[in-house]
Amino acid sequence: MRLEQNNLNGTIPPEVGELWHLETLNFGENGLTGNIPSELGQLTNLESLEIHENALTGEIPTQLGEALFLTSLYLSSNNLSGTIPVALGKLVHLRWLDVGDNNLTGAIPPGLGGLDNLEYLNLWGNRLTGGIPFELGSLGNLRDLSLSAKRLTGEIPPGLGGLDNLEYLNLWGNRLTGGIPFELGSLGNLRDLSLSANRLTGEIPSELGSIPNLSTLQLDGNNLSGNIPPQLGNLTNLSSLNLWGNRFTGEIPTELERLTNLEWMYLGSDTEITGCLPSTWMKIENNDFAELELPFCEPMEPAPEIEQPLPDGSAEDRAALVALYNATNGANWKQSTNWLSDKP
């Protein structure tokens with residue numbers, strides 16, 4: 001049953017829970033109000049439940065944990081309250097879980113770490129508290145993890161560095177403390193890493209320079225310090241790098257001149273960064289370079305080519321080959337590359 005974007009109003013009747021053969025139920029992007037009927041948990045053949053972007057209130061029914069064949073559960077952008085039901089940890093076939101942009105409170109259930117098939121976990125925009133469960137590091141199929149919940153505390157679990165398929169890690173806007181785990185440098189498929197607006201301390205791990213596909217790195221609004229690691233120059237796919245609002249010191253590593261795909265670059269005027277800005281950054285339109293009052297570095301000139309001396313006997317060989325070229329109309333040869341040069 002697909003009734004998304006259909007101007008539905010009113011409440012969801014409990015009788016929908018009697019449609020036992022239903023496999024898909026999509027009421028997304030309507031104007032529905034009231035609670036989510038607990039009777040929907042009786043839909044044991046249901047695979048996809050999408051009620052996102054409505055005006056639903058109340059709690060997420062614990063009974064939804066009985067719809068054991070669910071692979072997709074979208075409840076985002078409503079006005080739901082209460083906690084995330086522990087019973088959702090029983091939905092072992094679940095691949096997509098999105099309850100973001102609600103008013104949910106309480107802790108993230110550690111049992112969600114047992115959903116081995118989960119690819120997408122979105123809890124952002126709620127009022128969740130407590131730490132990030134280390135059990136989430138067991139979600140080997142996870143591609144997108146968004147926990148920007150504004151009130152999460154504690155440290156980032158190093159085990160998240162074992163999520164080999166992860167492409168997006170969004171933890172911004174919490175109260176996370178401690179350092180950035182160096183294990184995150186093992187996330188070879190990661191494209192977007194956002195740790196902004198937390199209370200992270202310490203230095204940027206050099207291991208972050210080992211993430212080949214990273215295009216966005218947001219570390220602004222923390223208490224990071226120390227030097228910017230030159231290894232970040234290996235992130236040649238970066239289009240956005242934000243280090244604003246930290247306490248970095250030292251010179252900008254020359255290796256960062258290799259970041260030629262940057263479109264957004266913010267270092268922050270309240271740092272003690274010295275030296276000069278890589279000349280390759282001149283084309284970056286979105287920046288805070290004027291506030292830094294640092295000059296651009298002189299462009300590095302390519303090293304001159306050094307002519308290699310000819311080996312013994314080469315002068316005679318060359319003279320013979322030039323004679324052959326001239327005697328056989330070499331200018332019209334099909335292949336004469338480097339024939340009259342010292343190159344091989």
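**Exercise 1.** In this predicted model, state which residues of the largest nonpolar core touch the most other members.

Solution. The core has 83 residues. Within this core, Leu121, Leu267 and Trp281 touch the most other members.

**Exercise 2.** List the contacts of Trp281, leaving aside its neighbours within four places in sequence.

**Exercise 3.** Classify the geometry of the aromatic pair Phe289 and Phe296.

Solution. A search of the whole structure gives 3 aromatic pairs. In the pair of Phe289 and Phe296, the ring centres are 6.0 Å apart and the planes are at 85 degrees. Ring centres within 6.5 Å count as a pair, and planes over 60 degrees apart count as edge-to-face. The pair Phe289 and Phe296 is therefore edge-to-face.

**Exercise 4.** Decide whether Phe289 and Phe296 are buried, partly exposed or exposed.

Solution. Phe289 has a relative accessible area of 8%. Buried means under 20%, so Phe289 is buried. Phe296 has a relative accessible area of 32%. This value lies between the 20% and 50% limits, so Phe296 is partly exposed.

**Exercise 5.** Describe the protein chain as a whole by secondary structure, burial and contacts.

Solution. The secondary structure comes to 2 helices and 20 strands. Of the 344 residues, 44% count as buried. Among contacts with a separation of 6 or more, 43% are between residues 24 or more positions apart.

How values were computed:
Residues are numbered from 1 along each chain as its sequence is written. This is a predicted model: local features need pLDDT of at least 70, side-chain atom pairs count only at pLDDT 80 or more; totals for chains, interfaces and linings use all residues. Side-chain values use heavy atoms; hydrogens and water are left out. Rings of Phe, Tyr and Trp (its six-membered ring) pair if their centres lie within 6.5 Å; planes under 30 degrees apart count as stacked, over 60 as edge-to-face and the rest as tilted. Buried means under 20% relative accessible area, exposed over 50%, partly exposed in between (1.4 Å probe, protein chains only). Helices (H or I, at least four residues) and strands (E, at least two) are DSSP runs, numbered from the N terminus. Contact means heavy atoms within 4.5 Å. A nonpolar core is a set of buried Ala, Val, Leu, Ile, Met, Phe, Trp, Tyr and Cys residues joined through side-chain atoms within 4.5 Å.
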